[in-house]
Amino acid sequence: NRFVVVEVLEYQSQIERAKEAATFFFTNLAEDNGILNQEEHVRLDTLVDSSSVGRDPCFTNIATHNQHSTTNVDPAVGGAVGYQNVAKENKEPQNQPMSWIQVELCVLRLAAQETDLLLILSTPVGSPPDVTPSPKAKEKQSSFSDTFSRIVSTFTIQDWSLFG
């Protein structure tokens, strides 16, 4: 019951670092999932960005595979892993049973194309490994699943003309 989502979004120029972009989009996804009280229902565990991705096997290839041929600039890459307690349906979530999902997110920041590209894998879980919300996300070498690592490390933009 895993769900893979690829989103092509407008570049968020007010966000400078890829790690901050990963946090922004993780929080934005929680809001889109109808989570009103993020302190109780959202837990962000791991953040990585371009400075740490070389050490993270999940991000070994994504930056170099997606270097634009004319700009020769590696895109900034950010990632996040966490948990969200979501309602089965987004309509009136406060009146529905909630269930935890693990969210793995990668943001590929394509400034020259004015695009933030998201890769998201959501997996239903019974509960997060530790139900106490972490006050601040930790930087780890890798908390990404093997499935998400394969998705991210093999993702390649084949046709750059799609970005105008």
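**An open antiparallel sheet with helices across it**

In this predicted model, five strands form an open sheet in the order β1-β5-β4-β3-β2, and their pairing is antiparallel. Two strands count as paired if DSSP finds at least two bridges between them. The edges of the sheet are β1 (3-10) and β2 (42-49), each of which pairs on one side only. From one strand to the next, the twist averages 20°; axes are lines fitted to C-alpha atoms, for helices over the stretch in contact, and angles run from 0 to 180 degrees between N-to-C directions.

Residues are numbered from 1 along each chain as its sequence is written, and side-chain values use heavy atoms, with hydrogens and water left out. Because the model is predicted, local features need pLDDT of at least 70 and side-chain atom pairs count only at pLDDT 80 or more, while totals for chains, interfaces and linings use all residues.

Along the sequence, the protein chain reads β-α-α-β-α-α-β-β-β-α, which comes to 5 helices and 5 strands. These elements are DSSP runs numbered from the N terminus, with helices being H or I of at least four residues and strands being E of at least two. Of the 164 residues in the protein chain, 47% are buried, where buried means under 20% relative accessible area, exposed over 50%, and partly exposed in between (1.4 Å probe, protein chains only). Among contacts (heavy atoms within 4.5 Å) between residues at least 6 apart in sequence, 72% join residues at least 24 apart.

Strand β2 is largely enclosed by the rest of the structure, because 8 of its 8 residues are buried.

Helix α1 (residues 18-32) lies across β1, β2, β3, β4 (98-110) and β5 (115-124), and runs at about 20° to β3. Helix α5 (residues 146-154) lies across β1, β4 and β5, running at about 160° to β5. In α5, the buried residues are Phe-148, Ser-149, Val-152 and Ser-153. Seen down the axis of α5, these fall within an arc of 120°, so they line one face of the helix; the arc is that of the directions from the helix axis to the C-beta atoms. Asp-146, Arg-150 and Thr-154 are exposed on the other side of α5.
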